[in-house]
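Let's take a quick tour of a protein model. Have the sequence and the 3D view open as you read.

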Amino acid sequence: MEGLKVSKANLTAYIHPSKTNQVSQPILRQLSSLLFKFSEIFHGVVLAYDLNSLHTCAKILPGVHPYFAVKLKVNLLLFSPKPNMLLEGKVVKVTQESIHVVVLGFSSAIITEKDIREEFVCKTKRGQEVYASRSHKQHVIKVGTMIRFLVKSFDEEILHVYGSLVPDHTGSIYWLDKNLEADSHVYRSKKKRRIVPERIMLEQDAVDGELSTLDIVQKSKKSKKQKHQEES
């Protein structure tokens, strides 16, 4: 899935003097406060962090409350979807007008009817709404289906994605991957048939009455010689 990246960051944590004996706790608390929020500094939603190192020499800041600053080196996992990226998510609701999806368990996405390609038609099966393909009967999108869709836009404030199922390479992940594997197998089979040379029968017993490779070459040479004599 696209939209995920790792960013290396140099941060500064400001610690109250009363926490000098337990520096790790306030640092981890400050890092945790960044999770599942969009950061304009890092241009993405912070999903996880990995604290690599912290500077042992803290600098005391002057003021009424003399906090001291600790330098940190952190790896951040960011969710930063951009238009035309491919995301994957689980369908949680299907209606005649839209398909609702949850991405990575926290970000909601919606795909409206106008952004669903004409191949799909909304039907009611066993009391629930589904989108079924007219071209491929096994390609069905329903509640619980994992789908791959295209990003149209991303609302950074509410962490909401607006998606599209217009491209042919979007839809049910299970069906897409299975169909891609089948197409790849057919392509490899055709390619293999093209590159395999015709087999030439090796020399057999005289009883078989089959020509050896040497006989084939000799007869070919004789045929060319006879043809040349006839022309002269």
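**Charges and patches, residue by residue**

Met1 sits in the segment before strand 1 (4-15); helices (H or I, at least four residues) and strands (E, at least two) are DSSP runs, numbered from the N terminus. Keep in mind that this is a predicted model, where local features need pLDDT of at least 70 and side-chain atom pairs count only at pLDDT 80 or more, while totals for chains, interfaces and linings use all residues. Residues are numbered from 1 along each chain as its sequence is written, and side-chain values use heavy atoms, with hydrogens and water left out.

**Surface patches**

- Met1 counts as partly exposed because its relative accessibility is 39%; buried means under 20% relative accessible area, exposed over 50%, and partly exposed in between (1.4 Å probe, protein chains only).
- Met1, Leu4, Val6, Leu77 and Leu104 make up a nonpolar patch on the surface, with about 410 Å² of accessible area together.
- Patches are built from residues with over 30% relative accessible area and no salt bridge, joining like charges within 9 Å and nonpolar side chains (Val, Leu, Ile, Met, Phe, Trp, Tyr) within 5 Å. The areas come from the Shrake-Rupley method with a 1.4 Å probe, and for residues, only the protein chains shown count as cover.
- There's also a surface patch of positive charge, where Lys123, Lys125, Arg126, Arg134, Lys137 and Lys142 gather. Lys and Arg count as positive and Asp and Glu as negative, while His and the chain ends are not counted; the place of a charge is NZ of Lys, CZ of Arg, CG of Asp or CD of Glu.
- Arg126 from that patch lies in the loop between strand 9 (120-125) and strand 10 (128-133), and Arg126 is exposed, at 89% relative accessible area.

**Salt bridges**

- The count comes to 4 salt bridges, each being a side-chain nitrogen of Lys or Arg within 4 Å of a carboxyl oxygen of Asp or Glu.
- Glu88 pairs with Arg148, their closest N and O atoms being 3.2 Å apart. This pair links distant parts of the chain, with Glu88 in strand 6 (residues 86-94) and Arg148 in strand 12, 60 residues apart.
- Arg148 also meets Asp177 in a salt bridge (3.6 Å, N to O). Arg148 lies in strand 12 and Asp177 in helix 2 (residues 173-195), so the pair ties together parts 29 residues apart in sequence.
- Through shared partners, salt bridges join Glu88, Arg148 and Asp177 into one network.
- Arg148 is buried, at 16% relative accessible area, whereas Asp177 is partly exposed at 38%.
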